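Subject: Handover of a structure and findings

Dear colleague,

Please find the sequence and the structure below. My notes on what was found follow directly after them.

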Amino acid sequence: MKTPINWAQYIVENENQAISDIYSEHRSSFIGWVKNNSNCDEDTALDIFQVSIVILYENVIKGKVTELENVGSYLFRIGKNKLLEHYRIIKKSQHQEIDENVLLTKVLNGDSTNDNVELIEKIMSAVASLGHPCKTLLENFYFKNMSLEEIATEMNYKNSDTAKTKKFKCIQRLRKLYS
Amino acid sequence: MKEEQKLELYQNIIDKLLNNESLSELEMQIVKNDTDFQTYKDEFNLLNEGIRRSALQTKLAEVKALENKFIPASANVNKPSNRRKWFAAFGIIFLVALAYLYTQINKGGSYDKDFLLADNLVPFTDIDGTRSTDKESKVDAYGFYNKRDYKNAIIEFEKLLKIDQNPKHKFYMAVSLLFVNKFEEAQDILEDKELQNYKKVPVNYYLALSKIGTDDPKEAIQLLSNPTIPYPILDKKRKKMIRILSR
């Protein structure tokens with residue numbers, strides 16, 4: 001397995017391989033650590049591990065983290081916070097029979113009291129139904145913060161102006177789909 | 001201005017704001033005074049959040065799919081057909097080992113310690129009856145072990161033992177060390193008091209093998225002569241090894 005000096009850069013340059021490496025390298029120790037430090041079962045520990053990886057990924061993609069030498073230590077820090085959130089949500093729910101999928105969505109999405117949750121879920125399904133290339137284009141621009149030039153190159157558009165026009169049309173399609 | 005042109009202008013302004021780019025005078029005015037722009041911006045913020053969560057959901061699905069790499073390894077190890085294969089392999093290796101030993105002894109030479117170690121050690125997950133790979137956290141270590149990739153098995157057992165000091169893991173760590181001829185390190189583990197009291201695996205049999213590895217056949221004979229618990233599958237081997245070593 002490659003051991004890069006800067007994991008953040010590795011994730012940006014080769015996200016699939018980097019995430020796969022992080023997953024394999026830290027899976028056992030992370031799950032063991034969660035189980036030893038909480039009363040979570042294996043499945044919950046695995047969920048928290050997977051969500052933590054996604055959060056790590058987002059923090060890197062969004063540029064919140066640009067230098068990351070010890071990816072394991074950073075992943076465990078995220079995991080600790082997610083574990084605390086997990087307990088807060090369970091405490092709030094006031095019963096243990098909580099659906100793990102609901103819990104996972106809440107942990108991933110943060111504040112569950114957001115009034116717009118239903119609306120955002122509608123938008124999410126609209127984004128999913130956009131399909132390629134609109135979904136990819138919008139995610140590349142608004143989530144991955146790729147420039148129009150980068151998008152044009154990656155998605156084989158003539159130039160950045162074409163990418164810009166396509167992007168606008170995709171947003172308008174999305175507006176129509178969810179409204 | 002046509003509706004579409006207006007929306008395109010709004011979108012350009014929003015994109016500039018997101019990327020911290022400077023705005024023209026006209027754009028500044030729109031941001032400050034145009035109520036339609038504010039409505040569009042509020043709507044876009046929701047769209048943007050939906051795009052973000054959709055991207056995260058996709059990524060989470062990809063991350064979850066990585067788990068599939070781990071499941072087949074644990075599923076295969078416990079299949080009865082695999083167990084039968086292991087026992088068959090064990091039998092063949094044992095017969096070959098005996099034949100080789102027989103020819104070596106008849107030549108007048110003594111036991112071949114490397115040969116003894118290499119050919120008498122077999123995966124033991126089946127013999128002790130445990131299903132160690134049921135728990136996914138152990139899959140790496142036992143997966144490599146059963147694939148006879150002992151160098152990686154040792155690395156994974158080291159990690160596993162940091163989390164879980166289960167004597168069974170210690171035992172398989174020691175057996176893996178024997179496979180790569182790290183006899184003294186294996187002995188350190190096998191002589192551990194907790195492992196000595198662990199009756200589910202033939203600790204002393206492997207400790208004896210490690211003693212052969214460190215040129216201590218007398219100690220090996222002693223260990224083989226006094227098995228702490230009987231292991232029928234090893235009993236014949238044990239007795240034959242005593243005979244060979246005694247010569």
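How many residues of chain A are in contact with chain B, and how many residues of chain B do they touch? In this predicted model, 45 residues of chain A are in contact with 39 residues of chain B.

**The interface between the chains**

The size of an interface is often given as the accessible area lost when the parts come together. Here the area buried between chain A and chain B is about 4100 Å², and carbon and sulfur atoms give 63% of that area. Polar interactions are also present: between chain A and chain B the count is 16 residue pairs in polar contact, both residues being at pLDDT 80 or more. On the side of chain A that touches chain B, two or more residues each come from helix H2 (15-36), helix H3 (42-61), helix H5 (100-109), helix H6 (117-130), helix H7 (134-143) and helix H9 (160-178) of chain A. H2(A) gives the largest share of that side, with 12 residues. By type, the residues on the side of chain A that touches chain B divide into 22 nonpolar, 12 polar and 11 charged.

**Salt bridges**

Over all chains, a search of the whole structure finds 21 salt bridges, and the count between chain A and chain B is seven. One salt bridge between the chains joins Glu25(A) to Lys159(B), with the closest N and O atoms 4.0 Å apart.

Another salt bridge pairs Asp47(A) with Lys64(B), where the closest N and O atoms are 3.1 Å apart. This pair crosses between chains, running from helix H3 of chain A, which holds Asp47(A), to helix H3 of chain B, which holds Lys64(B). Asp47(A) counts as buried because its relative accessibility is 16%, whereas Lys64(B), at 29% relative accessibility, counts as partly exposed.

Within chain A, Glu42(A) forms a salt bridge with Lys35(A), and the closest N and O atoms are 2.5 Å apart. Are the two partners buried or exposed? Glu42(A) has a relative accessible area of 15% and is therefore buried; Lys35(A) has a relative accessible area of 29% and is therefore partly exposed.

Within chain B, Lys211(B) forms a salt bridge with Glu191(B), the closest N and O atoms being 2.9 Å apart. The pair links distant parts of the chain, 20 residues apart: Lys211(B) belongs to helix H12 (residues 203-213) of chain B, while Glu191(B) lies in the loop between helix H10 (183-190) and helix H11 (193-196) of chain B. Lys211(B) counts as buried at 8% relative accessibility, and Glu191(B) counts as partly exposed at 40%.

**Helix H9 of chain A**

H9(A), one of the helices that give residues to the side of chain A touching chain B, has 19 residues. From its first C-alpha to its last, H9(A) reaches 27 Å, close to the 27 Å expected at 1.5 Å a residue. At its N-terminal end, H9(A) is capped by Asn159(A), a side-chain oxygen of which lies 3.1 Å from the backbone nitrogen of Asp161(A). The buried residues of H9(A) include Ala163(A), Phe168(A), Cys170(A), Ile171(A), Leu174(A) and Tyr178(A); Lys167(A) and Arg175(A) are also among them. Against which elements do the buried residues of H9(A) pack? They pack against H6, H7 and helix H8 (148-154) of chain A, together with helix H1 (3-18) and helix H3 (35-66) of chain B.

**Chain B and its helix H8**

Chain B contains 14 helices and zero strands. Of its 247 residues, 48% count as buried. Among the contacts in chain B with a separation of 6 or more, residues 24 or more positions apart account for 58%.

Helix H8 (residues 150-163) of chain B has 14 residues, which should span 20 Å at 1.5 Å a residue. The end C-alpha atoms of this helix are 20 Å apart, so the span agrees with that expectation. In H8(B), the buried residues are Tyr150(B), Ala153(B), Ile154(B), Glu156(B), Phe157(B), Leu160(B) and Leu161(B). These buried residues pack against helix H7 (139-146) and helix H9 (167-179) of chain B.

Yours sincerely

Methods. Residues are numbered from 1 along each chain as its sequence is written. Chains are lettered from A and ligands numbered from 1 in the order in which they are written. This is a predicted model: local features need pLDDT of at least 70, side-chain atom pairs count only at pLDDT 80 or more; totals for chains, interfaces and linings use all residues. Side-chain values use heavy atoms; hydrogens and water are left out. Contact means heavy atoms within 4.5 Å. Buried area is the accessible area (1.4 Å probe) that two parts lose on being put together, summed over both. A salt bridge is a side-chain nitrogen of Lys or Arg within 4 Å of a carboxyl oxygen of Asp or Glu. A polar contact is a pair of N or O atoms within 3.5 Å; within protein, one must be able to donate a hydrogen and the other to accept it, and residues adjacent in sequence count only if both atoms are side-chain atoms. Helices (H or I, at least four residues) and strands (E, at least two) are DSSP runs, numbered from the N terminus. Ala, Val, Leu, Ile, Met, Phe, Trp, Tyr, Cys and Pro count as nonpolar, Asp, Glu, Lys and Arg as charged, and the others, Gly among them, as polar. The expected span of a helix is 1.5 Å times one less than its number of residues. Buried means under 20% relative accessible area, exposed over 50%, partly exposed in between (1.4 Å probe, protein chains only).
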